[in-house]
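Here is a structure to look at for the first time.

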Amino acid sequence: MFDKLRAMLSKVDADYADIRYELKKDTIVSFSGKELTEIGANSTDGYVVRALKDGGMASVVFTKEADAERAVRSVMESAELIARNAKKPAKLAEVELVQGAFIPALKEDPREISMSEKLELVRKYNDIPLGHEKIATTSITYQDIIREKHFLNSEGTQMREDLVTTRIAGELIAKDGDLTQNLRVAAGGSNGFSTVRDQEDYFEKRTKIVLDLLKAKPVEGGVHNCVLNPSLAGVFVHEAFGHYSEADLIENLPSMREKMKIGSKLGNQVLNIVDNATMADQLGFYKYDDEGVPVRSTQLMKNGVLSGRLHSRRSAAEFGEPVSGHCVAQDYRFAPIIRMGTIFIEPGTQSLEELTAALGDGLYILDAKGGATAGENFTFGAQYGYVVKGGKVAEMVRDINISGNLYETMKNITAVGNDLVLSKTGGCGKGPIMQTNMRSCSGGPHILVNGLVIGGA
Amino acid sequence: MEQLLEMAGKVCDSAEIYSIDYADKSVFFENAKFNNADSKFQSGLSLRIIKEGKLGFAYTRNLTDRQEFLQNALDSLKGGVGAGFDFPLTKELPRLAIFDPSLENLSAEKMVQECDRVCDIFKSKTDAEIEMAASANTGKLRIMNSSGTDVSMKSSGYEIFGHIIYPGTGVGIWRALMSKGFGKMPDDLVSEMIDLYTKTSKVLEPKGGKMKVLFMPGSQITFNWRISSGISSKSVYEKVSPLAEKVGERIFHEKITIEDDPLDDEFPGARSFDDEGVACKPMTVVENGVLKSFFYDLDHAKKMNAQSTGHGYRTTRWGGDRLTLKPTPALSHMSIKPGKKSFAELVKQMDRGMIIENALGFHSGNIPNGDYSVGVNPGFYVEKGEIVGRVKDAMVAGNIYETLKNVVDVGDKLYPSSDGAWVPVILCDDVSVATKN
């Protein structure tokens, strides 16, 4: 394969060029209620070429080998066009050459598990909620997605890596009269099929929660102090802060860039945030990014002060900051963009009881459902929550959606718990050409946040 | 394709081949500077087979071995996904004007020049940080099946997008032009953006409460997702739609009429057949507030003893790789009928209220139930019929089956929504707005 890629790359007449070929294997088993709606295993493949010439950088995607020539022509035309027009030439930070292959160690390779075993496992989990009268339907999907990546650049880097993602994700929908309530389920990870085994108790618990939601009251809209559980703290740090650690999002917004200078005090003293995708056995784990740069653990915030940023080679050169190995594509259909790997709030010292006692009156809100960031604003939803009165957790509430502001909310995190949980499934969309990163991993301890605006219903 | 179909025909009861070949070209401007370009050439084949009432599915980017490809589909039969339906025989489709050949050779340079022209206008009239993008695509789609259908289309699409951002916030106002061929960003869109931007430089922190809310095109994906969830045959079949028993009943205000006309080739993306080869036809979904019809693909039509309405598309709410997706019901060409009031007239009708330009978090919350709770991104505050400033931290929340009953009036102009629908601005009363005060 590398010889073929080398031949294709040799046709690119540029100052720098790289080519990535991926074979992507997808297995899917999907249930909608009792009905099996999808099952199958397929593979697809394609190429991405990037070229940098005279300060113009462009990319092309193609899926047929026969299109290689016109793809190379197209990427050169684009790079030259940018070079002629660009006011600021693109540069790439220097990195060490990599000659390597990384095939992750798996606890059960999903490629070696039969389709019928996968089917039976999903059916078993799916039957747990469906055994209850008030569960209207479920939507449960098993997937294993394997990206077999081959990367080569004109500097001499040659890299092979497999990314194996296994997951079971979906939602349970409960209905009582006109009221429907839904709750997400998610299990999985980067280190093999074992991450989706033994989830029976989990499905039992989720079923109970969604049935309880039918009896919960809608939360009252307004400003609330809240304790967030680790899942929610993870999405919170991802949406409220993480995206603006991605250098490409602020590179060309001069006024945001000014506010996000290293050394700026953005958060409360108690807040330490890191992106560390190098830890094995968690969802965000990888060795090399899609520019062939080894990923590094990056401290993003220390004691509330901005201390680092996530970079591609291009943005690292532009900012004059170290490369971090965070330039990642969804798959062979996309050029890479800057992505969080595994972002989390580092644990502090307080127990959950201490946090709710410190909260006094407010809300204890749990489990993320969807978040979004646009500029300084962000929103995210909690799947359920409880009213807290005098430090005691009381009745359940639903329909919890939160909005906040990057610069203000990070200062309102006033206490950090002593636990740490990282997410097992992900799905973060980003970019003018939308890419989804299903290995986007986030987490944290329980945290106490003051003054969150909650939409209510 | 013919050979593959013949091979499949020998071992299955019926088969369908879906083939695509697309080329895209995009240019991106950040901080009013051209700094990125991307192109894509993507093709592939997808195969559905039916044998003994079971559905098999396979797809590939590169058909190197027909037998192996067919075997992949045969292997997936073992799972036992039911297929009560059969592939249709579709003939004599209307001819639609959906392809502008000039897009095949449109130079990236021409797109760059147009983005530059618009950037210069924004620069001269505002202090905003400016993003622009333009993209052009052309493509071929062909569907063949063993019932004798062989339909194909060649189409083109062009989009130019401008975004003016309040400095220091990353938040701004965007508008887009979508067309079949190259076009200049219309002057009225550009001046509308500049006008709104200029009136909203001041940041306010108004009191919350129930008030009039004007939903701008950028925010209406909030409604569209929930409307199409409620009206989808899939939701009705799964018993999660609150509309299951409500055909013929009033579900929205009488000023709301929702249509789906795939054949209207004035708009880009018109289709004479869906992704299952079923002929498309115009459909009224909601007429003067009254629910008229659900929309179906082949699978759900068969399950619910109805006819496919030609709404089987290989997509998800987030888009996705259509080669790898199986068709599901999708309201592909939704449009809300415009009213008679201009934007300025609608603002005048607001004593006190919020204009929600974009909605953040439209994808979360209880979508089947119609609930929404979205951040204003940004919001514009209105007092005594005048826009007086911009609001940052606020949420607009409710349930579409209540909000869209409280319609005051509907704007007179159609805009593309980010989900592909065409919508006017909609003014609603008595909507809950939560703010910091």
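Q: Among contacts in chain A between residues at least 6 apart in sequence, what percentage join residues at least 24 apart?
A: In this predicted model, 74% of the contacts in chain A between residues at least 6 apart in sequence join residues at least 24 apart.

Q: What makes chain A as compact as a globular protein of its length?
A: Chain A holds ten helices and 25 strands. The globule rule gives 23 Å for 457 residues, and the radius of gyration of chain A is 23 Å, close to that value, so the chain is as compact as a globular protein of that length. Along the principal axes, its C-alpha atoms fill a box of roughly 65 × 55 × 35 Å, and 58% of the 457 residues of chain A count as buried.

Q: How do you know that the span of helix 4 of chain B agrees with its number of residues?
A: Helix 4 of chain B runs over residues 187-199, and at 1.5 Å a residue its 13 residues should span 18 Å; the end C-alpha atoms are 18 Å apart, which agrees.

Q: Why can the buried residues of helix 4 of chain B be said to line one face of the helix?
A: The buried residues in this helix include B:Met193, B:Leu196 and B:Tyr197. Seen down the axis of helix 4 of chain B, the buried residues fall within an arc of 100 degrees, so they line one face. On the other side of the helix, B:Asp187, B:Asp188 and B:Ser191 are exposed.

Q: What covers the buried residues of helix 4 of chain B?
A: The cover includes strand 5 (150-165) and strand 6 (172-179) of chain B.

Technical notes. Residues are numbered from 1 along each chain as its sequence is written. Chains are lettered from A and ligands numbered from 1 in the order in which they are written. This is a predicted model: local features need pLDDT of at least 70, side-chain atom pairs count only at pLDDT 80 or more; totals for chains, interfaces and linings use all residues. Helices (H or I, at least four residues) and strands (E, at least two) are DSSP runs, numbered from the N terminus. The expected span of a helix is 1.5 Å times one less than its number of residues. A residue is buried if 20 or more other C-beta atoms lie within 10 Å of its own, exposed if 12 or fewer, and partly exposed in between; C-beta atoms are placed from the backbone. The arc is that of the directions from the helix axis to the C-beta atoms. Two residues are in contact if their C-beta atoms, placed from the backbone, lie within 7 Å. The radius of gyration is taken over C-alpha atoms; the globule rule is 2.2 Å times the number of residues to the power 0.38.
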